[in-house]
Structures are given as C-alpha cells and as structure tokens.
Amino acid sequence: MTSIQEDDDLVFRKICSLIEPLNEKGVKLTRDTDLIADLEIDSVAVLDVVMDIEDNYDISIPVNTISEIKTIGELVDAIHAIKKEQS
Amino acid sequence: MSLFDKFQPTKEMYYALREQTGRDPFGVSMDEMKGPTRAIVKGREIVLAGTNNYLGLTYDESAVKAAQDAVAQSGTGTTGSRFANGTYDAHRQLEIDLAAFLGFKHCIVFSTGYQANLGAISSLAKPPEDVILIDADCHACIYDGCQLSGAETIRFRHNNPSSLEKRLQRLDEKVNGKLVCLEGMYSMFGDTAPVKEFVDIAHKYGAHVLLDEAHSFGVFGDNGRGLAEAQDIIGDVDFYTGTFSKSLASIGGFVASNHDELEYLRFSSRPYMFTASPSPANIAAASAALKRIASDQSMRITLWENAKRVHAAFTQLGFEVCAPASPVIAVKLAGKAQAFKAWNFLMENGVYVNLAIPPGTPNATSILRLSVSAAHTNEDLDIVISAYTALSEMLANDDSKD
C-alpha cells in the first residue's frame with residue numbers, strides 16, 4: 001500500500017510522461033502548469049491525453065470534469081477523486 | 001484582460017497563414033454558382049470538390065421545380081417554430097416519408113442537422129442520473145448536444161467497440177439512462193463505424209444508441225438508407241439522425257426511431273421548440289430529393305465509381321489517404337503550413353477542397369478533405385486528378401511543416 005504522498009507523486013509523474021510528447025516548447029512541468037495556456041495544447045489534444053490516462057488507470061473521466069481542469073495539479077486531484085469513487 | 005483576449009492565439013495563427021497566400025480558406029466566396037460541381041471564384045471557374053453534395057441533387061429538375069412551387073404556394077418562410085405556427089402539412093408529410101423510407105415508426109424534422117443532434121441528445125439525456133458515451137471523433141454538434149444536456153459525458157476511442165464496453169462496465173449501478181452516440185461515415189477522414197458491433201455492445205449493457213448518418217444517408221446501403229442498412233442493423237438503431245444538407249440537397253435535419261417516446265421531443269427539445277421551422281422551399285426540395293433517392297439507384301452507383309477512381313489515383317500518386325475508398329477522400333499533410341500551401345496550390349489549379357486543421361481534425365492532423373459527387377463529370381475528375389498530380393510534384397520539394 002503506497003502512502004497518499006507517494007501515490008500522488010506517481011500519478012503526477014505518469015501524467016507528465018503522457019504530456020511530454022506534446023510539450024513542444026519544453027516547458028518545465030509542475031503541478032501549476034496550465035495545459036492550454038502554458039503548453040499551448042488545444043482542447044481536443046487535452047481530451048486525447050485524458051483518454052490515455054483513463055486507460056492507464058482503468059477509470060472514466062467525464063468530459064464535464066475535464067473542461068473544468070486547467071492545471072496538471074487539478075488533473076492529478078481529479079484522478080484521485082475518481083479513483084476513490086470508482087474503486 | 002478583455003473579452004477579446006481569448007481570440008488572440010487563433011487570430012495570430014490564422015492571419016499569418018492567410019497573409020502568406022492572400023487567400024482565406026475559411027472564407028471563400030462562391031461568386032457565382034455554375035452547377036453542382038462548378039463555381040466562379042475571383043473571376044475563375046473552379047471545380048467544387050469540397051462540398052457535401054454526394055448525390056449531386058442541388059440542381060435536380062424535380063427538386064428545383066418543387067421548391068419553386070412551394071415558394072409560390074406557401075411563401076418564403078414560416079416565421080415560427082414547429083411548436084407554434086411553423087408546422088405545415090409538408091413538414092408532417094416529409095416526416096412520414098422519411099420514416100417510411102428508413103423503416104422507422106417515427107420521425108421528427110428539425111431546422112438543421114446540427115439542431116437534430118443537439119435537440120435529440122439534450123432532450124434524451126438529463127443530469128444527474130443519465131450518462132452519454134460518445135465516440136471521440138464525433139462531430140461538434142454531438143459534443144454541443146452533450147453540453148446542452150449537461151449530463152455526464154464520457155468519450156470512448158474512435159471506432160473501438162471494446163473501448164466503449166470498458167466504459168460501460170465502469171459505470172455506477174446508480175446510472176439510469178445510457179445514451180451511446182456515434183456516426184456512420186465520419187466527415188473528415190471518410191472512415192466508417194462498425195455500427196453492428198457498437199449496437200450489440202450498447203444493448204448488452206442496457207444503453208440506447210444514437211447513430212448520426214449525416215454523411216452516410218443516401219451514400220451507403222442497397223437502398224441508400226445508410227451504413228446501418230449496409231450492416232443490416234438499421235432496425236436495432238434506437239435513434240437515427242440525419243441531415244437534409246448533404247445527399248438531400250437542401251437544409252434541415254431529422255431524428256427517426258421506433259420508440260414511441262420519440263414524440264416527447266416535440267415538447268421537451270429546445271432546439272426543436274425555440275427556432276423557426278425549415279422554409280417551405282427547403283422542405284419541398286428535401287422531399288423531392290428523397291423521392292429521387294428512393295427511385296433511382298444510379299446516382300449512388302456513379303458516386304462510388306467516382307470515389308473509387310479518385311481514391312485509386314491519389315493512392316497511386318503516393319498521398320497518405322486517411323481511409324479506404326469512400327466519397328470523402330482526405331489526404332494527410334505534414335502540418336498546418338504545408339496543408340495551407342497545398343490548399344492554395346489546388347485553388348490556383350482550379351480545384352476547391354476543404355482545408356482542415358487541428359483542433360477540428362482527429363489526432364491533430366492537417367488534411368485536405370475532398371468529397372466526390374455523383375454529379376462530377378469525367379472532365380471534372382480529370383481536372384481534380386491533374387491538380388493533385390501537380391501538387392504531389394510540388395510537395396516532393398517542400399519541407400514546410402507548422
């Protein structure tokens with residue numbers, strides 16, 4: 001059983017690895033990185049990254065939730081909340 | 001900060017590309033129409049190969065005559081919604097005719113295809129108890145229908161039934177209604193859905209299926225009833241949506257179903273209730289086109305011959321074509337800048353196609369979308385193929401990407 005902190009780091013690192021191919025400007029990824037404003041990823045590309053995350057964690061993340069997410073940190077938090085709910 | 005800041009990034013990209021060529025691919029004006037496949041643009045006649053006029057019926061004699069008669073008889077506009085004063089006998093008759101043609105019990109006509117999907121989805125699925133599952137590559141009107149509904153919306157991987165199944169399995173037991181949305185032929189790549197597999201999986205989990213056949217109605221199936229007919233599953237589709245603005249050569253949309261409850265949309269669907277109904281001319285033209293489709297299979301045969309000819313030619317030229325032969329033939333370019341340049345090159349060679357760039361395309365691809373019509377003559381297609389031949393030579397020496 002991993003601690004919440006370790007699990008959080010794991011999710012954060014997993015998300016970063018999925019986003020990195022789209023990080024064309026080489027922005028340093030932190031929890032505060034804004035997916036659209038900082039990385040200039042378009043809204044559809046964000047949805048596609050989320051699809052990879054869904055398959056990785058075997059969870060469904062509704063489009064409604066994604067449209068409220070701006071930063072990587074918010075995405076990490078949403079994944080935790082959904083993992084808890086759907087487990 | 002101002003209201004307009006959000007437009008800045010798109011504006012810069014768009015203006016920069018436009019300045020390179022002096023043409024605006026998203027604002028072309030057909031200065032004079034010369035028929036279903038020709039128009040004058042900036043003083044030059046071009047071949048239209050980026051329309052949705054699959055059966056080429058926009059100048060069909062019977063449709064033109066019917067529209068003219070309808071204007072003379074019933075006026076230029078209805079000035080009201082279907083829910084109020086905007087339902088004429090012709091609207092009801094077209095609903096009956098479409099239902100009969102497709103083999104459904106019920107049909108409702110909307111003012112556009114966009115509104116048909118918007119109206120059906122937003123009315124059928126309601127938060128918090130219902131869930132909508134959509135193919136990732138669904139058209140904007142399906143996404144907008146989900147947004148208007150407000151119900152929880154989950155995407156599944158494009159044309160991937162097992163991805164849908166996984167998401168259905170994950171749903172909470174408390175979920176009430178489940179609506180699965182997909183399309184027949186997809187408008188950008190021209191690829192087609194495994195409708196039968198999707199319907200089987202959806203029904204296994206108690207979900208209803210909404211199938212949008214906007215681009216495949218009139219094009220697929222032995223009788224032109226769409227991909228669902230071609231896959232022998234049409235009677236199992238819960239909600240079949242379509243448009244008048246493609247094979248039916250007019251403007252308007254519809255939803256057909258065997259569920260008696262479809263009729264509830266007439267008093268619950270805001271995109272049905274709060275917009276003016278299609279004009280008498282639009283309804284008459286669509287009705288006449290439907291009669292032509294029901295009685296004449298030759299247009300579809302010609303359409304497919306034309307599609308196969310162009311698809312084979314592009315494949316031979318070495319283009320990366322996005323899907324097997326269908327009336328939509330999209331080729332991939334290296335990036336936005338190259339696609340823009342290629343689009344402009346084709347215009348200069350007398351051919352109009354659609355430029356499509358992210359986020360309006362799947363997988364962030366930049367494409368030139370060509371659509372074939374039954375009305376394309378061999379001469380039209382000669383011009384198209386020779387323009388693409390010249391394009392392939394130009395691209396061989398081009399290294400522009402974004």
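## Surroundings of B:A307

Leaving aside neighbours within four places in sequence, B:A307 is in contact with B:A325, B:S326, B:P327, B:I329 and B:V372, where contact means that the C-beta atoms of two residues, placed from the backbone, lie within 7 Å. B:A307 belongs to helix α11 of chain B; helices (H or I, at least four residues) and strands (E, at least two) are DSSP runs, numbered from the N terminus. B:A307 counts as buried because 24 C-beta neighbours lie inside 10 Å. A residue is buried if 20 or more other C-beta atoms lie within 10 Å of its own, exposed if 12 or fewer, and partly exposed in between, with C-beta atoms placed from the backbone. From B:D222, B:A307 is 85 residues away in sequence and 17 Å away in space, C-alpha to C-alpha.

The model is predicted: local features need pLDDT of at least 70, side-chain atom pairs count only at pLDDT 80 or more, and totals for chains, interfaces and linings use all residues. Residues are numbered from 1 along each chain as its sequence is written, and chains are lettered from A and ligands numbered from 1 in the order in which they are written.

## Domains of chain B

Chain B is assigned domain 1 (8–48 + 297–396) and domain 2 (60–295), with bounds that come from an automatic or database domain assignment. The C-alpha centres of the two domains of chain B lie 27 Å apart. Their contact takes 14 residues from domain 1 of chain B and 12 residues from domain 2 of chain B.

On the domain 1 side, α11 (298–316), β11 (328–333) and β14 (366–371) of chain B each supply at least two residues. The largest share, 3 residues, comes from β11(B). By class, this side has 10 nonpolar, 2 polar and 2 charged residues. Here Ala, Val, Leu, Ile, Met, Phe, Trp, Tyr, Cys and Pro count as nonpolar, Asp, Glu, Lys and Arg as charged, and the others, Gly among them, as polar.

## Helix α6 of chain B

Helix α6 (residues 161–170) of chain B has the buried residues B:P161, B:L164, B:R167 and B:L168. These residues lie on the same side of α6(B), because they cover an arc of only 125° around the axis; the arc is that of the directions from the helix axis to the C-beta atoms. An α-helix has 3.6 residues a turn, so residues three or four places apart point the same way.

The buried residues of α6(B) pack against β5 (131–135), β6 (152–156), β7 (178–183) and α7 (195–204) of chain B. B:S162 and B:Q169 are exposed on the face of α6(B) turned away from the buried side.

## An open sheet in chain B

Four strands of chain B form an open sheet in the order β1-β2-β3-β12, with mixed pairing; two strands pair if DSSP finds at least two bridges between them. The edge strands, β1 (32–35) and β12 (351–352) of chain B, each pair on one side only. Strand β3 (residues 44–48) of chain B runs parallel to β12(B), the two being joined over 2 bridges. B:L48 stands opposite B:Y352 in β12(B).

## Chain A and the interface

Chain A has 4 helices and 0 strands. Its C-alpha trace spans about 35 × 25 × 20 Å along the principal axes. Of the 87 residues of chain A, 18% count as buried.

Between the chains, 12 residues of chain B are in contact with 12 residues of chain A. β6 and α6 of chain B are the elements that give two or more residues to the chain B side, and β6(B) gives the most, with 4 residues. The residues of this side divide into 6 nonpolar, 1 polar and 5 charged.
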